[in-house]
Amino acid sequence: MMPDQNGQPADFPKGFLWGAATAAHQVEGNNINSDLWVMEHVKPTLFVEPSMDACDHYHRFAEDIRLLASLGLNTYRFSIEWARIEPERGAFSRAELEHYRRMLAACHEAGVTPMVTFYHFSSPRWFAGLNGWENPDAGDLFVRYCDRASKHLGDLISYATTYNEPNLPMLLKWVTDLGISLLTVKFMISHATRRIGGDHFGCFFLGNAEKLETAMIAAHHRAREAMKSGPGKYPVGLSIALQDEQPFGPKSKRDKKCAEVYDPWLQAANSSDFIGVQAYTRQRVGSKKDIPPDPGAELTQMGYEYWPEALEGAVRYAASKVRVPIYVTENGVATEDDKRRIDYIHRALIGLEKCLADGIDVRGYIHWTLMDNFEWILGFRPKFGLVAVNRETQERTVKPSARYLGSIARANAVTAPVGK
Ligand code: BGC
């Protein structure tokens, strides 16, 4: 909402979700049955370092959830790990399902709404060994896992998404220079295949984008039905990576890119219960591919342009394509300078207020991420967290940005940071 006549910030809608997100592989630690763990440990590898204990969230989830609640946030978005729940094909671990029941119970005890992602990039190593999502049985296997997990956990889940950013492989096709060595990829995959004795190692990040899209959209709808057949009547949506795409030059392929990268998924979301929008930056699109930021532009630790207004653009694009409610399921910035994170949150939320003022049905803002964690191939260097984590002791330290977002959540209104 825009400020009211007295210049006071107006309330966000009642029941608005204010939260922070994590993903199992990035925080739990020792996800040893996953495909990513295998790739982190072969040589050569794309990963600058292995995830190892990560944030030991597997053991520390209760205190982390209490910490999130103490900040004033009311929602925790996290993923359950397929590689733990089904460590061998068709063999489900009751103990691991119970672990996630305890996590869900901890959320409810702390007054926190749990939003569960069923698939956040990592797969069981046996699934990767079958060529992952490119195996004709992949959809069946994923749906069976969702069905099983939902039967065990569904009564405690408040919201769920099937996938996190399934459109990422398609998005990466537009990047001019990914900055990774194709030779390293080739050797990493062949060594990973040998290590697990599979047919071909099929990892989500490196798969054939078109094949993945077809398989994953079909499986999304079936998985959603399976999830809804269990106990609990929670809404099921999906979260997509959605940059603020801007045309660059007269022959910009911006519309083509949007049609290719976003629209099939927005269409899939339209027959689901909600769409999760995940925005980090703007991207200018030229006549062939993406255009890098201008020299001198402020960059984040990811090399993205610092562009908090991207959230507004992304939400508006989603709203132009879907009729279902929108939740911001990720938004954040990698920086060592927490003041820049505060500024980023403030400006992103002003954009969100404008969307609400225009009648767009946005129902939540979930920040990426609760704590500094394992940023995939970049390891632990990028700092996206509201909370710092000491890599030696695992001690958590709340950053000022966490207090700032918490104060907004408590007020259910955007206030300017101190000193602005
Ligand atoms: C992913 C997260 C990731 C974050 C920051 C999103 O693409 O869902 O797993 O850490 O962006 O790069």
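1. A polar side-chain atom of glutamate 330 sits 2.8 Å from an oxygen atom of the ligand. This is a predicted model, and the distances below should be read as computed from it. The protein covers 94% of the 310 Å² of accessible area that the ligand has on its own.

2. Two further polar contacts to the ligand can be listed. The side chain of glutamate 165 has a polar atom 2.5 Å from a ligand oxygen. For glutamine 26, the distance between an N or O atom of its side chain and an oxygen atom of the ligand is 2.8 Å.

3. Which residues come closest to the ligand? They are Gln26, His120, Asn164, Glu165 and Glu375, out of 13 residues that surround the ligand. By type, the shell is made up of six nonpolar, four polar and three charged residues.

4. Helix 14 covers residues 338–357, which is 20 residues. From its first C-alpha to its last it reaches 29 Å, close to the 28 Å expected at 1.5 Å a residue. Is this helix enclosed or open to the outside? Of its 20 residues, 14 are buried, so helix 14 is largely enclosed by the rest of the structure. Buried here means under 20% relative accessible area.

5. Both ends of helix 14 deserve a look. At its start, a side-chain oxygen of aspartate 337 comes to within 3.0 Å of the backbone nitrogen of lysine 339. After the helix comes glycine 359, with a positive phi near 85 degrees.

6. Next, a sheet. Strands of a sheet pair through backbone hydrogen bonds, in either a parallel or an antiparallel way.

7. Valine 285 has aspartate 290 in strand 9 as its bridge partner.

8. Most peptide bonds are trans. The bond from lysine 43 to proline 44 is cis, with omega near 0 degrees, and proline 44 lies in the loop between helix 2 (35–41) and helix 3 (57–71). Tryptophan 368 and threonine 369 are also joined by a cis peptide bond, where omega is about 20 degrees. Threonine 369 belongs to the loop between strand 11 (362–368) and strand 12 (387–389).

9. Two backbone angles are also worth noting. Most residues other than glycine have a negative phi. Methionine 52 is not a glycine, yet its phi is positive, near 45 degrees. It is found in the loop between helix 2 and helix 3. Its relative accessibility is 39%, so methionine 52 counts as partly exposed, a class that runs between 20% and 50%.

10. Asparagine 412 is placed in the segment after helix 15 (400–411). Is asparagine 412 buried or exposed? With 16% relative accessibility, asparagine 412 counts as buried, because the cut-off for buried is under 20%.

Key: Residues are numbered from 1 along each chain as its sequence is written. This is a predicted model: local features need pLDDT of at least 70, side-chain atom pairs count only at pLDDT 80 or more; totals for chains, interfaces and linings use all residues. Side-chain values use heavy atoms; hydrogens and water are left out. A residue is near a molecule or strand if one of its heavy atoms lies within 4 Å of it. A polar contact is a pair of N or O atoms within 3.5 Å; within protein, one must be able to donate a hydrogen and the other to accept it, and residues adjacent in sequence count only if both atoms are side-chain atoms. Accessible areas come from the Shrake-Rupley method with a 1.4 Å probe; for residues, only the protein chains shown count as cover. Ala, Val, Leu, Ile, Met, Phe, Trp, Tyr, Cys and Pro count as nonpolar, Asp, Glu, Lys and Arg as charged, and the others, Gly among them, as polar. Helices (H or I, at least four residues) and strands (E, at least two) are DSSP runs, numbered from the N terminus. The expected span of a helix is 1.5 Å times one less than its number of residues. Buried means under 20% relative accessible area, exposed over 50%, partly exposed in between (1.4 Å probe, protein chains only). Two strands pair if DSSP finds at least two bridges between them.
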